[in-house]
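Subject: Structure handover

Hello,

Please find the structure below. My notes on backbone geometry and on one helix follow it.

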Amino acid sequence: MATDLELELCAVQPGEYEVRVIRAPSGGEPCAALRLGIDELVELRPELERTVLASSVSARRKTPVSEQPVQQVGQHLFESLFTGPVYGAYRASLGVAQERHEKLRVVLRLEAPQLALLPWETLFDPETGSYLCRHEPLVRHVAADGTPEPLPVTPPLRILVLIASPRGLPPLDVDAERERLEQALAKPIAEGRVELAWVEQAGWDSVHAHLFERQWHVLHFIGHGDYDSDTDEGLIALVGENGAADMVEASRLADLLTAVDPAPRLVVLNSCASAQGGVHDVFSSTGAALVRRGISAVAAMQFTISDRAAVRFSHGFYTSLAYGQTIDEAVRQSRISMLGGGSTTLEWITPVLYVRGESTHLFTFTAPPTPTQGPGQPPPEGRPLASGAEEAQRRAQLRALYVMASAEVRLGNLDKAIEVLDDLLILDPGNRDAATLKETATRQRRLGDLYQHATDAQTAGDWDTAIDIYTELLQTDPDYQDTPQRLEVCRARRRIENLQAELRYLADTGQWQAVLNVSEELHGLDPAAADPDGLTTQARHTLEQAEGDDLERWYAEARAAEDDANWAGAASLYDRILTDSSGYRDAVHRREICLRRKRLSELRTAHDQRPTAASSQQVPETLTEMTAVQPDAAGQNAAVTESARHETPAYSTEIAHLRFGASSLSWHPDGQRIAVSGQGSGVIHVYDTTGTERLKIRSEAAFMPEVNAVAFSPDGHQLANTDDGAIKVWHADSGRKLLEFDIRGQYALAFSPDGTQIATTTNRVNEEEPRPGAHIWNAATGQQIHEIQHRGAVFAVAFSPDGTLLATGGHRSARIWDVPTGRQIHELQHGDDYVWAVAFSPDGTLFATGGHRSARIWDVPTGRQIHELQHKGHVPAVAFSPDGTLLATGGHRSARIWDVPTGRQIRELQHKGHVRAVAFSPDGTRLATCSEGAIISGTITLWPVA
């Protein structure tokens, strides 16, 4: 098992190089300048090769060949590579690997051709006095799009050996080469771990044919190699048709080896110059070119290698590989094996390992090997039959490996766990628990790699890549870590960037209102992103400047219309002003004056023009309206009788007379209690149906002593109210305060059907109070859930029966919103005045509004108006009966009951003052109304519903 220290060596500009830590177990990604005399080092290659090759025969000399040139080059490379913070990362990573009881695998990404020419295998650490690759695996990395999973292998490991000794090149003793390799691998062959197949005098066609015979795991080439500096490409010598050398370029050799599927995973090139490249292409050597073209790993030789060293390399390399070691560890073991050829040999420097992608684990053995000895023969040397005690010990060791792997999986050390499980499965291929645990660890590692890639993309702001990978993760594991949340964040950030780009485009074209529209959508996603480059502020300033000019002009025209007694024209101009700016100067006040004067003028005209007795039926009503507008305008006609009024139905019961007026009422779900807000007194009263006061709550409003609205919760346990200072929630039986939201300016109030949310509105336009609109709050905590903005004040609010919709009433329209998203679904236009009341039918399909001189019934799915119900004055109250067949409305001196299907008025309930609120009892048998009395008094009345 190994821990990776991955280094990237690249050119930053001609003649200057840099080393970067890509991955380190100690963490961090430091970098440093790589200061090398590359030309001098390249010129030393021939001397190094002579020194290394001579060391193989130094034992026959009295004085060993000095390794000083090799050590000097190795120390120079080491000190150039591991410098500054990179050296710190190397030492720290060594410590981490030692704590893990692992090797530190040094992976080199050589991005410049000149760097690939250097003998990095000579790296010499002067502090420890040792060559790095003899203690730690050293790998030359070749980038790849993906890393294949280890190839499952049922022993033996099948090796196809190619021997080529063409005419015209130094001859090879083919028989001796074969004998030496078979002797070197005699033990793993006898154990059934390795199988050799031979192609002697290998030529293009014979190699091609043998590749199709069966799946070969390894291809081993023994022969001559070279490097063509003209084509900048490595060569190997096959035997041509006439027996002469067929110099095959690395690119053609790659085509030959990958012609079959699957191709050999590993290629070993026991030939001269197979690891030598050129100065123009980092992948020009034969070994590097094969890996780049798809071979998983290549072991090649950077110098000429002696026969003895080649045999010892093969012995250590294939034995280690056959016992389940990774390819990098097998190369390290081959170096150790080569050291056995003599204490002074330096040929362990010669092998170079190229690896494609991230993994050095090429093979997974799926069954134990089958020894090749016959019946009755002893087992291979060094492997006696196990006794009972030995078998027990073996099982204990296997169990210990499984426990170790399981613990590493739990700790998240998945690479280490998989390596342990690979070892375990080699020893015990039928271990189902280990196989299952390996599948789990492999899956977790893949998910972890995907997650890391996605988080890196997210950190870099590459939202498309992050979204794609997070989506892939969720398809595999819907609950993997915080992937769902990260996916939503990335989608939101991508949407934000797209909207910001759209906003900039609109700003460039001067579409300032569209800029504000996009900014509003951005604000809903991220308030901090709603004003990129200050463009939203610029758009608002530009529009406000233009709007201010229009408002000033309209205001001057309205005042001129007042001077001309053109009350209708002035009121219309004030309406236009208030549509764009609900708080502009005194426009609200002046509009009300103009409307009253317009109505007074109409009434006077009607009174003065009563020419016949036929019109006398209209006189009392007209004069009564005049009195309401201006008391002294009626003159001698102020004493008109009730003869022209509709008859008031019998059986009404007045259950309460309030000294101060009442603005709203609410039935308790049990139908036995009614809560009333005390207008002007800051008091909430709760009466039973006999008129007995059961509870009195003083709201203690902070500003005006007025309770704007009151409502029982759907379960009847709570009672909520709004006033100018706060929203308060009380215990419905004891009157104990449960919760208070210190929010100024709240007006209307409604509980959601499940009682978990409270909706309120504000009709104030003040910088110290919330903006005009509606708000949805958490009824338990007071935390705001949604803010819904209107143009101008909002006087009414109601939830649909299923709680998914919210209705609001404000200036000239009612609106219906989607509660989960806060998105507007319908805007229902309602004439020139405010919508004072809203209500949903019990089945949620119909919707009622109260406005100026009429109530209206609408179809909820389409937003289409169904009925318009004429009234006197404005209609501040609407309510559906529990069965949805009736609609009650409250207005000028009367409440009225309407048949919903036909829109026909059924009853008119006369009052002495304006009816402010209406509500059917839960069983639908009674209607409660609250009306204004003399001055600021009020009356609560119950009416039977036939």
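Proline 262 sits in the loop between α9 (250–257) and β15 (266–270). The model is a predicted one, and in it the peptide bond from aspartate 261 to proline 262 is cis, with omega near 10°. A cis peptide bond also joins proline 155 and proline 156, where omega is about 15°. Proline 156 belongs to the loop between β8 (151–153) and β9.

These were picked out because most peptide bonds are trans and most residues other than glycine have a negative phi.

On the phi side, there are two arginines to look at. Arginine 853 is not a glycine, yet has a positive phi of about 70°. Its place is in strand β37 (residues 852–859), and its relative accessible area of 31% makes it partly exposed. Arginine 893 has a phi near 55°, again positive in a residue other than glycine. This arginine 893 lies in the loop between β40 (886–891) and β41 (894–899); with 25% relative accessibility, arginine 893 is partly exposed.

The helix is α6 (residues 174–184), in which Val174, Ala176, Glu177, Leu181 and Ala184 are buried. These residues lie on the same side of α6, because the arc they cover around the axis is only 165°. Asp175 and Gln183, on the other side of α6, are exposed. What covers the buried residues of α6? The cover includes the strands β9 (157–163), β10 (194–200) and β11 (218–222), as well as the helices α7 (186–190) and α11 (307–322).

Regards

Definitions and conventions:
Residues numbered from 1 in each chain as written. Predicted model: local features only at pLDDT ≥ 70, side-chain atom pairs only at ≥ 80, totals over all residues. Heavy atoms only, no water. Buried < 20%, exposed > 50% of the residue type's maximum accessible area, 1.4 Å probe, protein only. Helix = DSSP H or I, 4+ residues; strand = E, 2+ residues; numbered from the N terminus. Arc of directions from axis to C-beta. Contact = heavy atoms within 4.5 Å.
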